[in-house]
Amino acid sequence: AAPRAVRANRPARIAPVVRAATAAASEVPDMGKRTAMNLILLGGVTLPVGTLAVPYALFFVPPSSGGGAGGQAAKDALGNDVKAAEWLKTHPAGDHSLAQGLKGDPTYLIVNNEGKLENYGVNAVCTHLGCVVPWVAAENKFKCPCHGSQYDAQGKVVRGPAPLSLALAHADVSDNDTVIFSTWTETDFRTGTEPWWK
C-alpha cells in the first residue's frame, strides 16, 4: 500500500500548452519574393554541382572511334602520321616495326619481301595477359617476354600459353600517302575463322 501513497503525493505532470503565434500579414513574404529566393538558391547550387557532375558523367562515356570512314591514321613514335613513302625509306624488306594503331594499341606495320607495306597490321598486345610482344628478327617470329608465347611472322599463335592469334587491322594507304588503320571484320586469313577481336 505504501507505493500507492507515494504515487498519489507526486504532482501530476502538465504539458505546457504551446499556441502558434499568428504573424502579422506584413511579416509574411509574398510569392514573388519566395520565387526570387528559390531561383537564386537554384542558380547558386546548379553552377558548382553542374561543374562537378558534367565531367564526372562524361568520364563514363566512351570516346568515339573517329570520322565517317572508320579509319585512324597510324602514328609513329613521335605521334606524327605515318606516310608510306617515308616509312619505306627507313624500313627495309621484312621489317616489322611498331606504330600506334586502333585505340592507341601498338600495332606492327609489316614491310613485305618486295619492299611494300602489307595491307594489314598486327596488334602487338599478347592474347594471354596483355604484354607487348616484340618482333625477334633473328627467329622470324614474335616472342612474348612475359610467359613465352610465340607467334609467326603474320601473328598466328604457334606456342602457348596464349590462346589466340594476335589481332589484325587493315593497313591501307590513303590518297595523301598516310597509312590508315581500320577494324578487321572479315575472316582471319591465318586461321580461316571469324575474328575474335570484333
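Seven aromatic pairs are counted in this predicted model, where rings of Phe, Tyr and Trp (its six-membered ring) pair if their centres lie within 6.5 Å, and planes under 30 degrees apart count as stacked, over 60 as edge-to-face and the rest as tilted. In one of them, the ring centres of Tyr108 and Phe142 are 4.8 Å apart and the planes stand at 55°, so this pair is tilted. Tyr108 belongs to strand 3 (residues 106–111) and Phe142 to strand 6 (residues 141–143), so the pair links parts of the chain 34 residues apart; strands (E, at least two residues) are DSSP runs, numbered from the N terminus. Tyr108 and Phe142 are both buried, where buried means under 20% relative accessible area, exposed over 50% and partly exposed in between (1.4 Å probe, protein chains only).

The rings of Trp196 and Trp197 have centres 5.5 Å apart and planes at 90°, so they form an edge-to-face pair. Trp196 is partly exposed at 41% relative accessible area, whereas Trp197, at 15%, is buried. Tyr56, Phe59 and Phe60 make up one aromatic cluster.

Turning to the sheet, six strands form an open, antiparallel arrangement in the order 1-10-9-4-3-2, two strands being paired if DSSP finds at least two bridges between them. Strand 1 (72–73) and strand 2 (96–100) each have a single partner strand, so one side of each lacks a neighbour in the sheet. Strand 4 (residues 117–123) and strand 9 (residues 168–173) run antiparallel and are joined by three bridges. Tyr120 has His170 in strand 9 as its bridge partner.

Residues are numbered from 1 along each chain as its sequence is written. Local features need pLDDT of at least 70, side-chain atom pairs count only at pLDDT 80 or more, totals for chains, interfaces and linings use all residues, and side-chain values use heavy atoms, with hydrogens and water left out.

Note on methods
Helix = DSSP H or I, 4+ residues; strand = E, 2+ residues; numbered from the N terminus.
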